[in-house]
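Take a look at the fold below and keep the sequence at hand. The walk goes from the whole chain down to single side-chain pairs.

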Amino acid sequence: MTDHKTKSVLQFMSENSFSGDPKVLLKTLIFADLQEIDSLGGINNVKDRLKCLASLRGLAEANFIELPNDESGHTDGSQININVTHSEARQLFTWAHEIIHSYFIRSTGVKVDCFGDEFHSSSENEEEESLCDYGASQILFYGHIPGALNISSLLEIINATGASPEATALSMLDHFDDTHGLIIWMRKCKKGENPDQTSLFAEDIKHPFRIDYAVSKNAFLPKNKSVNEGDAVDQCETAGSSSGEIILDLKGHAVTLMTENLSISNGRILSLFKLV
């Protein structure tokens, strides 16, 4: 998310007279609401906080029902519907995610119409969906400060909140200095190569893990940079998790990362790292 060209996101930023990273704006608005809720007192758990936030945003109390096709949830007008067959952690994340859509309103002061198709389509507006995942994690992680940037803390927060590994890791990074970061790896070919290419013996070629997405303020980690075969990322693919040193050769200089790695969905590897 770098261009922020989505209509709903541009509208969101314009109405709040803000230029810059919309995540910063969204977090500021969410925390202002959560602090207002805290001032009321007596809010001791995530469910109560979500109920209060939904009410503050002009939304009805959530409706927990069985939804078709394993759908997590959706919003009809001001009514949020959540799939009761999903785990409690996943229900909480869906609830928070749907509430965040209310920050992307159609016009100033009109909250009851904030889910209109003109500005929001859950299947098409990927930028708003990503921001809603981020915002949901901010609600669920509110008051939770990880003791360390490692896989153990990551899984603990995921189990408590139902947030995705990526959203959880990004939120955890807020609590650590700029020597820490995140990489998502995928097996893929070089640009211009045929992904279906086979060897001389008609065997499938196993492409190396390459950077699909990276967050690092103190090091430039280019997309599609490959990792050495057999290192901690490769080991994670079969073991499910791993830790160890990774050295990336970046045009004549080496970057050394101490990593903890976790296998996540679609064959990807998530690495939490500290620059050495």
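This is a predicted model: local features need pLDDT of at least 70, side-chain atom pairs count only at pLDDT 80 or more; totals for chains, interfaces and linings use all residues.

The mean pLDDT of the protein chain is 84. A value of 70 or more is reached by 85% of its residues. Confidence is highest in strand E8 (residues 269–275), at 97. Among the elements compared, it is lowest in H1, at a mean of 84. One stretch needs caution. Over residues 107–123, pLDDT stays under 50. For that stretch the model has 34 contacts beyond four places in sequence.

Now the overall make-up. The protein chain has eight helices and eight strands. It holds 276 residues, and buried ones make up 44% of them. Take the contacts between residues at least 6 apart in sequence: 52% of them join residues at least 24 apart.

Next come the aromatic rings. The count comes to three aromatic pairs. One of them is Phe-12 with Phe-104, whose ring centres are 4.6 Å apart. Their planes meet at 45°, so the pair is tilted.

Another aromatic pair is Phe-31 with Tyr-142. Here the geometry is edge-to-face, with 80° between the planes and 5.3 Å from centre to centre. Phe-31 is in helix H2 (residues 22–40), while Tyr-142 is in the loop between H5 and helix H6 (151–161). The pair links distant parts of the chain, 111 residues apart. Are these two residues buried or partly exposed? Phe-31 has 22% relative accessibility, so it counts as partly exposed. Tyr-142 has a relative accessible area of 16%, so it is buried. The cut-off for buried is under 20%.

Charged side chains also meet aromatic rings. Lys-23 lies over the face of Tyr-134, at 5.2 Å from the ring centre. The charged end of Arg-57 sits over the ring of Tyr-103, 3.7 Å from its centre. Asp-33 is found in helix H2. Its relative accessible area is 13%, so Asp-33 is buried.

How many does a search of the whole structure find? The search gives seven salt bridges. In one of them, Lys-27 is bridged to Asp-174, the closest N and O atoms being 3.4 Å apart. Lys-27 lies in helix H2. Asp-174 lies in the loop between helix H7 (165–173) and strand E4 (180–187). The pair therefore ties together parts that are 147 residues apart in sequence. Lys-27 counts as partly exposed, at 25% relative accessibility. Asp-174 is partly exposed too, with a relative accessible area of 42%.

Lys-47 and Glu-88 form another salt bridge, at 3.0 Å from N to O. Lys-47 is in helix H3 (residues 46–56) and Glu-88 is in helix H4. The two are 41 residues apart, and the pair links distant parts of the chain. Lys-47 has 40% relative accessibility and counts as partly exposed. Glu-88 is also partly exposed, with a relative accessible area of 48%.

The side chains of Asp-234 and Arg-187 meet in a salt bridge as well, at 3.3 Å from N to O. Asp-234 lies in helix H8 (residues 232–239) and Arg-187 in strand E4, so the pair ties together parts that are 47 residues apart in sequence. Arg-187 is partly exposed, with a relative accessible area of 26%. Glu-237 joins in too: Arg-187, Asp-234 and Glu-237 are linked in a network of salt bridges.

Notes:
Residues are numbered from 1 along each chain as its sequence is written. Side-chain values use heavy atoms; hydrogens and water are left out. Rings of Phe, Tyr and Trp (its six-membered ring) pair if their centres lie within 6.5 Å; planes under 30 degrees apart count as stacked, over 60 as edge-to-face and the rest as tilted. Helices (H or I, at least four residues) and strands (E, at least two) are DSSP runs, numbered from the N terminus. Buried means under 20% relative accessible area, exposed over 50%, partly exposed in between (1.4 Å probe, protein chains only). A charge sits over a ring if NZ of Lys or CZ of Arg is within 6 Å of the ring centre and within 35 degrees of the ring normal. Contact means heavy atoms within 4.5 Å. pLDDT is the predictor's confidence in each residue, from 0 to 100. A salt bridge is a side-chain nitrogen of Lys or Arg within 4 Å of a carboxyl oxygen of Asp or Glu.
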